[in-house]
Amino acid sequence: MSSKALALPLLALAIAAPAVLAIAVPARAADPPGVERGVRLFEEGHDAEARAALMPVATTKPPSATAAFTLGRIAMRADDAKEAERWFEVAVKLEDRNSNYHFWLGRACGAQAQRANKISQAFLAKRTKAEFDRAVALDPDNLDARNGL
């Protein structure tokens with residue numbers, strides 16, 4: 001098989017793989033009850049039910065980073081990047097060393113930049129890049145964040 005014939009399937013895989021891999025939201029053993037159910041509902045596409053399951057554990061003290069992150073993902077799916085940014089900021093504050101949280105915070109800022117005025121665009125673009133840079137610094141194998149740069 002020629003290298004050109006291999007290039008097309010590899011390109012398709014490179015485009016599709018990050019989207020598929022980014023869907024999974026791992027619940028951890030340290031998460032409070034309800035998080036695993038909320039994450040599962042999100043992964044199944046039941047956003048309203050997932051939100052209802054996750055809100056109590058994302059808004060209690062201490063909040064769950066996984067719950068906040070998943071609520072951010074729900075907001076992104078609903079095309080509400082400002083709400084997503086708020087939840088991703090909570091997740092990042094709780095787990096600053098999580099590359100995926102920084103990547104998604106950068107995505108939320110980037111989505112807002114696309115609709116913002118020129119002044120806000122400059123600020124949001126810098127923030128997007130800073131979050132992607134942080135994601136790559138934490139995990140050089142985070143291909144989504146590397147592609148965002």
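The model is a predicted one, in which local features need pLDDT of at least 70 and side-chain atom pairs count only at pLDDT 80 or more, while totals for chains, interfaces and linings use all residues. Residues are numbered from 1 along each chain as its sequence is written, and side-chain values use heavy atoms, without hydrogens and water.

Staying at S64, which is in the loop between α3 and α4, display its contacts (heavy atoms within 4.5 Å): leaving aside neighbours within four places in sequence, they are D31, P32, V35, V57, A58 and L94.

Next, select α3, residues 47–59, where A50, A53, L54, V57 and A58 are buried. What covers these buried residues includes α2 (35–43), α4 (65–77) and α5 (81–94).

Now move to F88 in helix α5 and W104 in helix α6 (residues 99–113), parts 16 residues apart in sequence. F88 counts as buried at 0% relative accessibility, and W104 at 4%. F69, F88, Y101, F103, W104 and F132 form one aromatic cluster, where rings of Phe, Tyr and Trp (its six-membered ring) pair if their centres lie within 6.5 Å, with planes under 30 degrees apart counted as stacked, over 60 as edge-to-face and the rest as tilted.

Notes. Helix = DSSP H or I, 4+ residues; strand = E, 2+ residues; numbered from the N terminus. Expected span 1.5 Å × (residues − 1). Buried < 20%, exposed > 50% of the residue type's maximum accessible area, 1.4 Å probe, protein only.
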